[in-house]
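Subject: Structure handover and findings

Hello,

Here is the structure I promised to pass on. Please open it alongside this note.

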Amino acid sequence: MLHIVNGDSVGEKLRGNVPGDILVWREIDSDGPIFIDPTEERSRMLRARYLERTMGIPTADYVRMCEEQERTLSRCRQHEEIVLWFEHDLFDQTMLCYLLHRFARLPLERTRLSLLCIGAFPGLEPFRGLGELSSDQLSALMSSREPVGRDVLALGSAVWEAYASSAPSPLLDLLQGDTAALPYVREAFRLHLSRFPSTRNGLGIVEQTTLERIREGASDPLKLFAEVGRQLHGLGMGDLSYWHCLARMSQGAYPLLRIEGLRRFPSYREPEPSFRQCTVILTETGNRVLSGEKDWVELNGIDEWYGGVQLQGHAVPWRWDSYEGRLVKR
């Protein structure tokens with residue numbers, strides 16, 4: 001058996017407690033530029049440069065990791081069964097849909113493909129992910145895995161292609177259809193769409209929630225990450241993703257916040273201990289944007305990726321309408 005999991009913590013807990021090999025899939029498909037075929041060299045390098053610029057992940061390390069993972073996938077027919085271990089949040093659902101897209105194009109022959117994907121666990125409320133479970137709890141889940149049928153492969157593949165599209169229209173259309181084969185897809189990708197700049201003030205849901213927490217008194221960046229992550233747990237947002245978000249909000253001609261005591265942002269390459277002594281403060285612009293008096297995109301401009309969609313400039317075509325709960329085109 002081959003078990004493909006998200007996260008070293010889950011991988012270590014499974015190792016020795018379930019039969020077979022463990023492949024920890026290391027990607028952040030919920031962030032940065034996404035392409036239908038990320039193995040294509042130009043796409044991979046564009047993505048690698050983005051992750052190095054925003055999170056400090058060295059390009060060479062990222063490319064090497066991707067190549068190693070893809071080589072393992074190419075040998076998947078050596079196994080009798082492949083088990084995919086994932087959870088309900090956007091971080092995992094993007095990863096799962098990519099793998100289903102890949103497996104839909106791999107001749108598996110006699111290799112069975114199984115899926116174990118949960119959004120809740122008895123006694124854990126709210127359930128944040130598989131990493132919360134013990135080795136015994138994880139191994140007990142093995143019996144609940146289900147075979148991946150053509151409907152699951154087809155839907156996962158379609159979601160990945162829609163998510164990687166340069167316009168959000170294919171994803172909007174797909175989410176209005178039948179997504180029952182992957183029950184967590186609809187909510188996870190709806191949360192993805194809520195990250196787009198809002199019609200009210202140009203803030204995505206992460207920026208909006210962050211400024212609200214600061215206005216309510218949160219000032220420690222680590223506690224802020226914990227509070228925002230708890231409120232938006234459906235995103236499965238990691239610390240590097242959040243530090244990039246904080247950096248964007250503190251930069252530009254019209255910053256939304258300032259971070260006192262900051263020498264440099266933590267990154268993959270350089271976790272910064274002094275970050276613990278920093279204080280986050282809302283700027284006047286941040287207050288006015290949060291109140292809806294100003295639009296952050298119109299003030300500061302934007303250059304960011306949302307799946308395969310790149311938004312640039314001071315006037316962008318796609319906005320999230322938080323009142324209607326939908327993405328609209330201006």
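Below are the findings, from the overall fold down to single residues.

First, the ground rules. This is a predicted model, so local features need pLDDT of at least 70 and side-chain atom pairs count only at pLDDT 80 or more, while totals for chains, interfaces and linings use all residues. Residues are numbered from 1 along each chain as its sequence is written, and side-chain values use heavy atoms, with hydrogens and water left out.

Overall shape

The chain has 13 helices and 11 strands. Both are DSSP runs, numbered from the N terminus: helices are H or I with at least four residues, strands are E with at least two. The C-alpha trace spans about 60 × 40 × 40 Å along its principal axes. The radius of gyration is 20 Å, which agrees with the value near 20 Å for a compact globule of 330 residues. That radius is taken over C-alpha atoms, and the globule rule is 2.2 Å times the number of residues to the power 0.38.

Of the 330 residues, 55% are buried. Buried means under 20% relative accessible area, exposed means over 50%, and partly exposed lies in between (1.4 Å probe, protein chains only). The areas come from the Shrake-Rupley method, and for residues only the protein chains shown count as cover.

Salt bridges

The structure holds 18 salt bridges. Each is a side-chain nitrogen of Lys or Arg within 4 Å of a carboxyl oxygen of Asp or Glu.

- Arg 15 and Glu 12 meet at 2.6 Å, N to O. Arg 15 is partly exposed at 40% relative accessibility. Glu 12 is exposed at 52%.
- Arg 77 and Glu 109 pair with their closest N and O atoms 3.4 Å apart. This pair links distant parts of the chain, 32 residues apart: Arg 77 sits in the loop between H3 and S3, and Glu 109 in the loop between helix H4 (90-103) and strand S4 (112-118). Arg 77 is partly exposed at 41%.
- Arg 258 and Glu 260 meet at 3.6 Å, N to O. Both are partly exposed: Arg 258 has a relative accessible area of 41%, and Glu 260 has 38%.

A negative patch

Which residues gather in a patch of negative charge on the surface? They are Asp 37, Glu 40, Glu 41, Glu 67 and Glu 68. Patch members have over 30% relative accessible area and no salt bridge; like charges are joined within 9 Å, and nonpolar side chains (Val, Leu, Ile, Met, Phe, Trp, Tyr) within 5 Å. Asp and Glu count as negative, Lys and Arg as positive, and His and the chain ends are not counted. A charge is placed at NZ of Lys, CZ of Arg, CG of Asp or CD of Glu. Glu 68 belongs to helix H3 (residues 59-74). Its relative accessibility of 42% makes Glu 68 partly exposed.

Backbone points to check

Most residues other than glycine have a negative phi, and most peptide bonds are trans. Two places here deserve a look.

- Glu 109 is not a glycine, yet has a positive phi of about 55°. Glu 109 is also exposed, with a relative accessible area of 65%.
- The peptide bond from Glu 125 to Pro 126 is cis, with omega near 0°. Pro 126 lies in the loop between S4 and helix H5 (135-140).

Strand residues and distances

- Val 24 is in strand S2 (residues 21-24). Val 24 is buried at 8%. Val 24 and Asn 6 are 18 residues apart in sequence and 5.6 Å apart in space.
- Glu 87 is in strand S3 (residues 81-87). Despite its charge, Glu 87 is buried, at 9% relative accessibility. Glu 87 and Leu 240 are 153 residues apart in sequence and 20 Å apart in space.
- Asp 303 is in strand S8 (residues 302-306). Asp 303 is partly exposed at 46%. Asp 303 and Thr 279 are 24 residues apart in sequence and 26 Å apart in space.

Best wishes

Notes
Areas by Shrake-Rupley, 256 points an atom, 1.4 Å probe, with all protein chains shown as cover.
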